[in-house]
Amino acid sequence: MKSRLIPLSALSTVLFSMAITAHAEVSVKDPWVRATVAEQKATGAFMQLTAKSDTRLIEARSTVAGAVEVHEMTMDNNVMRMRAVPNGIDLPAGKTVELKPGSYHIMLLDLHHGLKTGETVPLTLVVEGKDKTRETIDIKATVRAMAGAPGAPKASMGDEAHQHHHH
């Protein structure tokens, strides 16, 4: 009897978490994090966000980083500038906002370890509605190699061993 209860409780947990996701005001599509190379202590997370009603992405968190910030990258007189967006990012109702390289993104700072291609990174997004009601959205982002980086997976694998020698 007990052996049947364990899978059922696991199944109910899965169904419960699916129900929570279905009611979320913001849907998240294609979340990914850029893989790191040796000694790299920061990386970006990217995804598409679509809100049912006017909402703001005001905060992000992850257990893999010492700090997580909502960022914007802009070009100013051919100089790339990155800055935290303290008031968050507007997510207008029904419009998809893409967090992507060279634009809005989530910065994972003070990484606890290197991130290898194929790993998943837990992220929590905090969104706020017009009525100031906050909601958290837990997602798993897949780590991907930077496009065009030769041997990125090899560099990532060596990275983990290298990091352990320093800690």
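Me: Start with Ala35. Buried or exposed?
Reply: Ala35 counts as buried, because its relative accessibility is 10%. Keep in mind that this is a predicted model.

Me: Where does Ala35 sit in the chain?
Reply: Ala35 is in the loop that runs between strand E1 (26-34) and strand E2 (43-51).

Me: And how far apart are the C-alpha atoms of Ala35 and Arg144?
Reply: The separation is 5.4 Å, although Ala35 and Arg144 are 109 residues apart along the chain.

Me: Back up a bit. How many helices and strands does the protein have?
Reply: There are two helices and ten strands. Read from the N terminus, the order is α-β-β-β-β-β-β-β-β-β-β-α.

Me: What share of the contacts is between residues 24 or more positions apart?
Reply: Counting contacts with a separation of 6 or more, 69% are between residues 24 or more positions apart.

Me: What percentage of the residues is buried?
Reply: Of the 167 residues in the protein, 34% are buried.

Me: Why does Met75 count as exposed?
Reply: Its relative accessibility is 52%, and the cut-off for exposed is over 50%.

Me: Different topic. How many aromatic pairs does a search of the whole structure find?
Reply: The search finds one. The partners are Trp32 and Phe46, in a tilted arrangement with 4.6 Å centre to centre and 35° between the planes. This pair links distant parts of the chain, with Trp32 in strand E1 and Phe46 in strand E2, 14 residues apart.

Me: Are Trp32 and Phe46 buried or exposed?
Reply: Both Trp32 and Phe46 are buried.

Me: Now charges. How many salt bridges does the structure hold?
Reply: Seven. One of them is between Arg83 and Glu72, where the closest N and O atoms are 2.7 Å apart. That pair also links distant parts of the chain: Arg83 is in strand E5 (residues 79-84) and Glu72 in strand E4, eleven residues apart.

Me: How accessible are the two partners, Arg83 and Glu72?
Reply: Arg83 is partly exposed, because its relative accessibility is 45%. Glu72 has a relative accessible area of 16%, so Glu72 is buried.

Me: Which residue forms a salt bridge with Lys132?
Reply: Glu128 does, at 3.7 Å from N to O. Glu128 also has a salt bridge with Arg134, and there the closest N and O atoms are 2.9 Å apart. Through shared partners, Glu128, Lys132 and Arg134 are joined into one network.

Me: Is Glu128 itself buried or exposed?
Reply: Glu128 is buried, because its relative accessible area is 11%.

Definitions and conventions:
Residues numbered from 1 in each chain as written. Predicted model: local features only at pLDDT ≥ 70, side-chain atom pairs only at ≥ 80, totals over all residues. Heavy atoms only, no water. Helix = DSSP H or I, 4+ residues; strand = E, 2+ residues; numbered from the N terminus. Buried < 20%, exposed > 50% of the residue type's maximum accessible area, 1.4 Å probe, protein only. Contact = heavy atoms within 4.5 Å. Phe/Tyr/Trp six-rings, centres within 6.5 Å; stacked < 30°, edge-to-face > 60°. Salt bridge = Lys/Arg side-chain N within 4 Å of Asp/Glu carboxyl O.
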